[in-house]
Amino acid sequence: MIYNCVRLFKGPIHDEYYEVYLTGGIHIDFNQAGEWTEVDGNNQAIPTGFINPNIVTYVTTNYSATAIESIDKKAYGFDVDLLNNIELRFDFEGNFLGTGN
């Protein structure tokens, strides 16, 4: 499907997920339940309104010179990649777990 700002592709692996590409370059993966599993800005900052506020606060407080470039849901919580190539890990409540680099 192609709309003015969105392209929708069904995932190649047993149709288990959907990929959405926004015209600005942001890529979003959704599972079959319609829940996002990954949002990737492709080297640009992504909007943060859908991200746990604790994660956003941690990033803006501790990494104010950069922004979130992508976020992935994992079994333990979230991997957050910053534009400066630092990877941060958080649990589902938004508590900082450490870095992934």
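A: Start with a cut-off: a residue is called buried when its relative accessible area is under 20%, exposed when over 50%, and partly exposed in between. The model is a predicted one.

Glutamate 87 has a relative accessible area of 19%, so this residue is buried. Glutamate 87 pairs with arginine 89 in a salt bridge. Their closest N and O atoms are 3.5 Å apart.

Arginine 89 also has a salt bridge with aspartate 79. Here too the closest N and O atoms are 3.5 Å apart. Arginine 89 belongs to strand β7 and aspartate 79 to strand β6, so this pair ties together parts ten residues apart in sequence. Aspartate 79 is buried, at 9% relative accessible area. Arginine 89 is partly exposed, at 32%.

Why can such pairs form? Side chains of opposite charge can pair when their charged atoms come close. The salt bridge count is two. Asp79, Glu87 and Arg89 are linked in a network.

Now the surroundings. Isoleucine 71 is in contact with Asp79, and also with residues including Phe78, Val80 and Trp36. The largest nonpolar core has 18 residues, and Val59, Ile71 and Val80 touch the most other members. Strands β6 (77-82) and β7 (87-91) each supply at least two residues of this core. So do α1 (53-62), β4 (36-40) and β5 (68-73).

Definitions and conventions: Residues are numbered from 1 along each chain as its sequence is written. This is a predicted model: local features need pLDDT of at least 70, side-chain atom pairs count only at pLDDT 80 or more; totals for chains, interfaces and linings use all residues. Side-chain values use heavy atoms; hydrogens and water are left out. A nonpolar core is a set of buried Ala, Val, Leu, Ile, Met, Phe, Trp, Tyr and Cys residues joined through side-chain atoms within 4.5 Å. Buried means under 20% relative accessible area, exposed over 50%, partly exposed in between (1.4 Å probe, protein chains only). Helices (H or I, at least four residues) and strands (E, at least two) are DSSP runs, numbered from the N terminus. Contact means heavy atoms within 4.5 Å. A salt bridge is a side-chain nitrogen of Lys or Arg within 4 Å of a carboxyl oxygen of Asp or Glu. Lists of a residue's contacts leave out its neighbours within four places in sequence.
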